Amino acid sequence: MSRAFPNKKYKEIQSIEKEFYQNFSDMFAEVVKSISISPLKQTCKLDIKGFEFVEEQVEKGNNVIACLGHCTNWEILNCLPSKINTDVYSGYKRIRVPIFNKLMFDIRGRFGMHLIESKSVAKHILSNKDKPSLYLLIADQCPKKINVDYQMTFLNQMTSVLSGPEKLACATHSAVVYIYLTRKRRGFFEAVCQPICENAKDTQHFGITKKYIELLEQNIQDDPSCWLWTHKRWKR
């Protein structure tokens with residue numbers, strides 16, 4: 001955090017850290033609660049803005065790739081299918097422990113979200129060209145060395161970034177958006193859809209990835225405690 005925010009005093013860093021752990025604890029409780037909460041109550045916890053762009057693209061026959069980060073409670077987006085008029089898929093990475101994998105699969109799919117393993121998203125889109133949908137992808141993880149093909153300054157540090165969503169969008173001629181997720185108050189959230197492009201194939205090389213990282217950084221700068229600082233973004 002000190003490297004990410006060099007202009008902040010140490011007491012400010014400590015305050016951000018404390019608030020992060022409070023938010024992280026809240027998120028854990030919210031995920032557990034989503035096992036039994038009614039669909040109506042879950043839906044009321046999320047306000048959305050700007051998703052008309054997604055619906056317009058889907059009506060035109062275009063898939064939409066939504067990039068987002070580990071900001072605030074990203075799991076709240078599991079109720080997004082009940083708030084927009086299109087199918088929503090979420091890429092996920094299988095959890096090694098079967099019982100936990102099934103639990104998270106059930107939680108994320110309770111409110112209409114379709115789950116698909118990240119490595120199978122491209123194949124799924126190309127195999128279902130007649131059924132355009134919205135695909136949610138979290139792409140702020142630390143990439144493996146073999147997947148590093150782009151670096152840029154992110155939170156004041158030279159950072160290797162994943163370009164997978166851009167490659168997928170270009171290969172499928174999809175529109176791309178960023179979902180700006182914030183916590184309005186405890187237990188309630190807002191998701192703002194910010195368009196990046198209508199057809200990824202028409203953009204400059206790494207242009208989508210660069211824009212995504214810029215929007216993610218702004219999301220974090222606006223609320224430094226909202227990001228998942230414990231996932232060791234710069235471990236390599």
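## Exercises on a predicted model

Lys 49 has a relative accessible area of 47%, so Lys 49 is partly exposed (buried is under 20%, exposed over 50%, partly exposed in between, with a 1.4 Å probe and protein chains only). Keep that residue in mind for the first exercise.

Two notes before we start. This is a predicted model, in which local features need pLDDT of at least 70 and side-chain atom pairs count only at pLDDT 80 or more, while totals for chains, interfaces and linings use all residues. Residues are numbered from 1 along each chain as its sequence is written, and side-chain values use heavy atoms, with hydrogens and water left out.

**Exercise 1.** Count the salt bridges, then describe the ones formed by Arg 108 and Arg 94.

*Solution.* 
- The count is seven salt bridges.
- Arg 108 pairs with Glu 75, and their closest N and O atoms are 2.7 Å apart.
- Because Arg 108 belongs to helix α4 and Glu 75 to the loop between β2 (64–68) and β3 (88–92), the pair ties together parts that are 33 residues apart in sequence.
- Glu 75 counts as buried, at 11% relative accessibility.
- Arg 94 meets Glu 117 at 3.0 Å, N to O.
- That pair joins strand β4 (residues 114–117), which holds Glu 117, to the loop between β3 and α4, which holds Arg 94; the two are 23 residues apart.
- Arg 94 is partly exposed, at 48% relative accessibility.

**Exercise 2.** Work out how Thr 172 and Leu 126 are related in sequence and in space.

*Solution.* 
- Thr 172 is in helix α6 (residues 164–172), and Leu 126 is in helix α5 (residues 121–127).
- They are 46 residues apart in sequence, with a C-alpha to C-alpha distance of 6.8 Å.
- Contact means heavy atoms within 4.5 Å. Leaving aside neighbours within four places in sequence, Thr 172 is in contact with Ile 125 and Leu 126. With residues up to four places away not counted, Leu 126 touches Ala 171 and Thr 172.
- Thr 172 is buried because its relative accessibility is 14%, whereas Leu 126, at 43%, is partly exposed.

**Exercise 3.** Find the largest cavity and say which element gives the largest share of its lining.

*Solution.* 
- On a 1 Å grid over the protein atoms alone, a cavity is a set of points where a 1.4 Å probe fits but cannot get out, and lining residues have an atom within 4 Å of a point. Grid points are joined across faces, edges and corners, and a volume is the space filled by probe spheres set on the points.
- There are three cavities of 30 Å³ or more, and the largest has a volume of about 80 Å³.
- Its lining includes Phe 20, His 70, Arg 183 and Trp 227.
- Helix α1 provides the largest share, four residues.

Conventions:
On a 1 Å grid over the protein atoms alone, a cavity is a set of points where a 1.4 Å probe fits but cannot get out, and a pocket is an open set with protein on both sides within 12 Å along at least five of seven lines; lining residues have an atom within 4 Å of a point. A salt bridge is a side-chain nitrogen of Lys or Arg within 4 Å of a carboxyl oxygen of Asp or Glu.
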